[in-house]
Amino acid sequence: MAPKEPLLGALKVCVLNLQSDGGMVTDTHPYLASCCELLELLLRKGLQQPVLSLVHRDYWQCFEQLPHQDTCGRLGSLSLAVEQTRVCSKLISAQGRGRYLFRLALSRKTLPQFITHLLHTPRVLEWYSPAVSVLRREEFLEPFMSLLLVLSHMDFKLDMENCSFLDESWLLPVGNRSRLLRFLLITASCGLFVGCICFQVCEMYEVVPCREVGMVLRYLSGRVFILSLVPGTQAHVDRFICPGDIIDEINGTSLRNSKTGQAGVVLSRLKGCPLSIRVLRWRAQDGTVYRPLIKFLQALRAENPALQLGPAPSQQTAAKDLRPSSSSSSSQCFQEGRIVYIVQLLGRTNIGLFGGKEVLQHAIPQVLQENLPSKEVLLDLKETHLTCTERNSELELFNHHYPEISCVGRYSRPDFTIFAFCVADSPETPQTTGFCCVALRASSMKECEEIVCRIATGFKHTEWFV
């Protein structure tokens with residue numbers, strides 16, 4: 001009876017399930033992590049450790065040696081992949097680099113070539129046991145290469161920047177637009193159990209130029225944790241990040257393996273610039289804690305028992321106040337976790353070279369006198385800017401960053417539901433100069449006041465530095 005390899009049987013099930021969807025495979029696919037984990041187990045099986053060395057040998061060292069040991073001269077793309085993996089600043093261990101290289105090879109459809117070159121490199125192949133390794137046994141190597149070939153014909157779209165926890169786990173945070181997926185795969189035929197969870201904890205925090213973001217940080221094991229937010233600062237007002245979250249990178253600069261004060265140095269260099277901060281949440285929206293962070297959170301709590309993870313009470317109260325009540329549900333909706341207001345766009349008109357708050361009392365009647373037909377629109381007040389789109393067609397009508405807005409206010413007649421803001425005219429329309437006034441109508445006086453306050457808060461905390 002021919003011998004069987006349980007890992008190959010489990011890998012075949014995973015590959016078939018990846019194939020069954022027929023579409024692009026992304027980080028949210030429930031079988032992706034299991035497939036990668038099985039590939040990792042297969043490449044570790046039979047890998048012998050050096051006798052006179054304190055360094056633990058992993059499959060990454062095998063791939064790392066290929067550009068130096070292979071003599072075929074056709075390693076151009078593979079060498080680039082190895083070098084990209086080697087210089088990635090978010091990876092520290094051989095395990096992390098090997099996993100990153102796996103994901104890179106899947107994205108570039110080059111995994112079979114890596115294994116082929118390894119098989120043609122005797123000085124590396126001899127690290128594997130002939131009696132145990134799948135790579136040294138012909139009856140297992142052929143089906144293994146066939147499965148790799150199937151994977152190379154599939155389309156993978158993986159976020160290669162999302163790699164900060166590959167050193168510890170295959171459990172990766174996924175983006176804020178992804179589904180939260182859980183599954184357990186049990187392969188009864190070979191008695192193998194593989195588990196995988198896709199965790200929704202990775203988000204981008206866009207910060208407008210400001211004097212102080214307002215985050216108190218703690219450096220722990222090379223990671224930058226947020227301990228608290230300074231009241232009244234931009235981060236506290238935005239209510240986007242929470243104590244316990246991790247700053248993974250700032251404007252593309254990785255903070256993995258950071259030394260104390262490194263985040264402050266990066267922020268000081270970017271003073272006066274818009275910031276894009278990649279945040280890793282310590283828990284998902286359903287309250288589930290991101291498992292690789294548990295030991296770090298326990299350490300933070302041990303050294304600071306008063307540490308309050310999650311939103312501060314003032315933030316929780318404010319968040320509750322911003323949730324649409326039953327009475328306002330018809331005038332508000334949710335998009336990507338934010339409240340979006342359903343309002344009427346009354347029109348816009350040029351008001352000259354002065355855009356101070358004094359002009360609003362004259363500018364709003366000027367818009368109303370034009371008597372243009374109103375449009376039902378969605379007004380989305382984001383962290384750095386506001387957008388207005390038609391509700392039915394989702395056509396974007398305008399998009400203004402808060403520094404462009406010179407003033408905002410309400411109109412007292414007839415019922416305090418009309419509000420407007422002044423904004424510099426677009427440079428794309430040279431026939432008009434100065435400022436224009438945009439007027440809208442909210443569904444109620446309370447909602448009108450809320451929108452005006454949120455816009456005012458946006459440009460109050462926003463500054464351009466020159």
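## A buried glutamate and its partner

At 16% relative accessibility, glutamate 203 counts as buried (under 20% relative accessible area; exposed is over 50%, partly exposed in between, with a 1.4 Å probe and protein chains only). Its side chain meets that of arginine 281 in a salt bridge, 2.6 Å from N to O. A salt bridge here is a side-chain nitrogen of Lys or Arg within 4 Å of a carboxyl oxygen of Asp or Glu. The pair links distant parts of the chain, 78 residues apart. Glutamate 203 sits in strand S6 (residues 202-207), and arginine 281 in the loop between S11 and helix H11 (294-303). Arginine 281 is buried too, with a relative accessible area of 11%.

## Basis of the model

This is a predicted model, in which local features need pLDDT of at least 70 and side-chain atom pairs count only at pLDDT 80 or more, while totals for chains, interfaces and linings use all residues. Residues are numbered from 1 along each chain as its sequence is written, and side-chain values use heavy atoms, with hydrogens and water left out.

Helices (H or I, at least four residues) and strands (E, at least two) are DSSP runs, numbered from the N terminus.

## Other salt bridges

The count of salt bridges comes to 21. Side chains of opposite charge can pair when their charged atoms come close. Aspartate 159 forms a salt bridge with arginine 278; the closest N and O atoms are 3.6 Å apart. Aspartate 159 lies in the loop between S2 and strand S3 (173-174), and arginine 278 in strand S11 (residues 275-280), so the pair ties together parts 119 residues apart in sequence. Arginine 278 is buried at 9% relative accessibility. Aspartate 159 is partly exposed at 28%. Salt bridges that share partners join Asp159 and Arg278 with Lys90, Glu161, Asp248 and Glu249 into one network.

Aspartate 155 pairs with lysine 109 in a salt bridge of 2.8 Å, N to O. The two are 46 residues apart and link distant parts of the chain. Aspartate 155 is in the loop between helix H8 (138-152) and strand S2 (156-157). Lysine 109 is in the loop between helix H5 (94-108) and helix H6 (111-119). Both count as partly exposed, aspartate 155 at 42% relative accessibility and lysine 109 at 31%.

## H1 against H2

The axes of helix H1 (residues 6-20) and helix H2 (residues 32-44) come within 9 Å and cross at roughly 150°. Axes are lines fitted to C-alpha atoms, for helices over the stretch in contact, and angles run from 0 to 180 degrees between N-to-C directions. H1 and H2 are therefore roughly antiparallel (over 145 degrees; under 35 is roughly parallel, 65 to 115 roughly perpendicular, the rest oblique). Their crossing is left-handed, meaning that the near helix is turned anticlockwise from the far one by less than a right angle.

In this contact (heavy atoms within 4.5 Å), H1 contributes Leu7, Leu8, Ala10, Leu11, Cys14 and Leu18. H2 supplies Leu32, Ser34, Cys35, Leu38, Leu39, Leu41 and Leu42. By class, there are 12 nonpolar residues, 1 polar and no charged. Ala, Val, Leu, Ile, Met, Phe, Trp, Tyr, Cys and Pro count as nonpolar, Asp, Glu, Lys and Arg as charged, and the others, Gly among them, as polar.

## H1 against H8

The axes of H1 and H8 come within 10 Å and cross at roughly 20°. The two helices are therefore roughly parallel. H1 passes H8 in a left-handed crossing.

From H1, Leu8, Leu11, Lys12, Val15, Leu18 and Gln19 meet Phe140, Pro143, Phe144, Leu147, Val150 and Leu151 of H8. The contact of H1 with H8 has 10 nonpolar residues, 1 polar and 1 charged.
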